[in-house]
Amino acid sequence: MLCQRCGEREAEIFQTQHLGEKSYTRDLCPACAKLDYGVFLGALLQSQAPGAPPLTSQEERELRRVLDEAAPPEGG
Ligand SMILES: [Zn+2]
């Protein structure tokens with residue numbers, strides 16, 4: 001599966017966001033994920049790693065904020 005942003009590199013970051021009954025998936029290569037998530041890429045990867053410790057409340061808030069900004073607008 002190719003990166004949804006650049007369409008050139010193989011996606012390695014798979015993020016699913018649920019908004020109400022809808023869900024959006026974002027498949028990004030590490031380079032694009034870094035652009036989107038910046039310093040929180042580490043936290044994002046951590047949250048997806050098996051057996052990883054839970055995110056801190058601050059990391060969770062920031063992750064939620066970034067994902068909210070990344071979601072497609074309501075109502076199209
Ligand atoms: Zn990309």
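Colleague: How many bridges join β1 to strand β2, and do they run parallel or antiparallel?
Modeller: Strands β1 and β2 (residues 22-28) run antiparallel, and seven bridges join the two. Please keep in mind that this is a predicted model.

Colleague: Which residue in β2 is the bridge partner of Thr16?
Modeller: Thr16 has Thr25 as its bridge partner in β2.

Colleague: Is β1 largely buried or in the open, and why?
Modeller: Strand β1 covers residues 13-19, and the number of buried residues among these seven is zero, so the strand lies largely in the open.

Colleague: What about the protein as a whole; what share of its residues is buried?
Modeller: Of the 76 residues in the protein, 13% are buried.

Colleague: Let us step back. In what order do the elements run from the N terminus on?
Modeller: The order is β-β-α-α-α. That gives two strands and three helices in the protein.

Colleague: Where is the place of Ala31?
Modeller: Ala31 belongs to helix α1, which spans residues 30-37.

Colleague: How many other C-beta atoms are within 10 Å of Ala31?
Modeller: There are 13 other C-beta atoms within 10 Å, and Ala31 is therefore partly exposed. A residue would count as exposed at 12 or fewer, and as buried at 20 or more.

Colleague: How far apart are Ala31 and Glu12 in space?
Modeller: Their C-alpha atoms are 9.7 Å apart, while Ala31 and Glu12 are 19 residues apart in sequence.

Colleague: What share of contacts join residues at least 24 apart?
Modeller: The share is 30%, taken among contacts in the protein between residues at least 6 apart in sequence.

Colleague: A last topic, confidence. Where is it lowest, and where is it highest?
Modeller: Confidence is lowest in helix α2 (residues 41-48), with a mean of 60, and highest in β2, at 81. The protein averages a pLDDT of 74, and 70% of the residues score at least 70.

Terms used: Residues numbered from 1 in each chain as written. Predicted model: local features only at pLDDT ≥ 70, side-chain atom pairs only at ≥ 80, totals over all residues. Helix = DSSP H or I, 4+ residues; strand = E, 2+ residues; numbered from the N terminus. Contact = placed C-beta atoms within 7 Å. Pairing = 2+ DSSP bridges. pLDDT = per-residue confidence, 0-100.
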